[in-house]
Amino acid sequence: MPVASALSADELDQLAEEAAERGEPTAGAAELVAVVDEGRLADPQDDVIALGLAAELLFQAEDLAGSLALTDRTADAHRAHGSAPDLVLMFRARLLFLLDRADEAMAELTPLRPLLTSDPDAAAEIAEALVAGGRGDTAHEWLTSAVDEARAALPETDELDEAGELATEIMYALVTARHAVRHELGLPHDSLDEMAEELEAAAEEEHRAELTAALSGPVLFFTATEFDRLAERLPDVAESCGPTWDDHRADIERILAMVVEAGITTARGIVPGSADELAALVAGRGDDPVDDVAYDYAEELADRGVGVPWPPARNDACWCGSGAKYKKCCLPRSRQGD
Ligand SMILES: [Zn+2]
Ligand SMILES: [Zn+2]
């Protein structure tokens, strides 16, 4: 008899994301709550993740009362594990404001205010809650005084120890949240806003560089025959890069379309792999994560020069080896599931 396997934190994220993409946030929330209630968590401490995601989904579904109830459950779960529910309470305050329970919202937020200068996640959450309650002025006042306080903690050198890194991160969170609030209030740029925009641009550039690094490697591909073989030799790998060959092809087409959209020109294309070769490498590398082995295998294939250029011309044979024209084969796959 098949038994539903326990879900990891990543799988919970995926479940929530897919429900949101399908436009079924309420069903997704119910599913996540069921996972908790039926004890189907790989790690029981992940109930805070499942319940928190469910609360967000109900928020998306505009079921504010339902979201509030789940937020309370999430906060209780945090307390049961001995962890602080601070961020959950900030979200709870936002819900209370939206439910016209402003006094309760302020009672929730006020004791959390000191976190602005100690927790880098606090600034955006607190600001969003206050702005949702029409209290942009309060948000502005809190953030500005927190900036003054945080400035004193900033390190004077560029060589950051752990405390210095945290202080910098908090400063970034404060000035960017303050910048957003000031735009919301229609205030003109001041010198901190200039700084915020410079920092935001730098973070954007860093993000792009990371994305480039992640996407510019060769993409491992299995032809139809090799994919069947992969399902025999390494069923878990076939499952995660499929589960079907069509899914596999569609994923690759989508990844490469994304690379092009991000303006990354250094991508090294698609490398067709052999299921037997990969299985032999996996077997030879003992406890190494299969993902790492697959990554190295793709690099090795690229070094052998077996890459397939992408994209083909619309009327040329498709890169996947199906024999069909690209425009009738994988090109339209990139647009499925949008
Ligand atoms: Zn601005
Ligand atoms: Zn194709």
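Start with the zinc ion (ligand 2), which is held by the SG atoms of Cys318, Cys320, Cys329 and Cys330 at 2.3 Å. Donors here are N, O and S atoms within 2.8 Å of the metal (3.2 Å for Na, K and Ca), and water is not among the atoms, so sites may look incomplete. Before going further, a word on the ground rules: this is a predicted model, in which local features need pLDDT of at least 70 and side-chain atom pairs count only at pLDDT 80 or more, while totals for chains, interfaces and linings use all residues. Residues are numbered from 1 along each chain as its sequence is written, chains are lettered from A and ligands numbered from 1 in the order in which they are written, and side-chain values use heavy atoms, with hydrogens and water left out.

Along the chain, the donors of the zinc ion (ligand 2) are spaced C-x1-C-x8-C-C. The angles among the four donor atoms run from 104 to 114°, and the site is tetrahedral. For four donors, that label needs all angles between 85 and 135 degrees; four count as square planar and six as octahedral if opposite donors are over 155 degrees apart and all others between 65 and 115, and anything else is irregular. Cys318 is buried at 6% relative accessible area, Cys329 is buried at 5%, and Cys320 is buried at 2%. Buried means under 20% relative accessible area, exposed over 50%, and partly exposed in between, with a 1.4 Å probe and protein chains only.

Arg249 sits in helix α13, residues 245-261, and is buried, with a relative accessible area of 6%. Helices (H or I, at least four residues) and strands (E, at least two) are DSSP runs, numbered from the N terminus. Setting aside residues up to four places away in sequence, Arg249 touches Cys320, Cys329 and Cys330, along with Phe221, Trp319, Ser322 and Arg333. Contact means heavy atoms within 4.5 Å.

The whole structure has two of them. Rings of Phe, Tyr and Trp (its six-membered ring) pair if their centres lie within 6.5 Å; planes under 30 degrees apart count as stacked, over 60 as edge-to-face and the rest as tilted. One pair joins Phe59 and Phe91, with ring centres 5.5 Å apart and planes at 75°, so the pair is edge-to-face. Phe59 lies in helix α3 (residues 47-60) and Phe91 in helix α5 (residues 86-98), so this pair ties together parts that are 32 residues apart in sequence. Phe59 is partly exposed at 25%, whereas Phe91 is buried at 11%.

The other pair is Phe221 with Trp319: the ring centres are 4.9 Å apart and the planes stand at 75°, so this one is edge-to-face too. Phe221 belongs to strand β1 (residues 219-221) and Trp319 to the loop between α15 (290-303) and α16 (330-333), so the pair links parts that are 98 residues apart in sequence. Both Phe221 and Trp319 are buried.

His183 is in helix α9 (residues 162-184) and Glu197 in helix α10 (residues 191-215), so the two tie together parts that are 14 residues apart in sequence.

Finally, zoom out. The protein is divided into domain 1 (9-209) and domain 2 (216-333), with bounds that come from an automatic or database domain assignment. Taken over C-alpha atoms, the centres of domain 1 and domain 2 are 37 Å apart.
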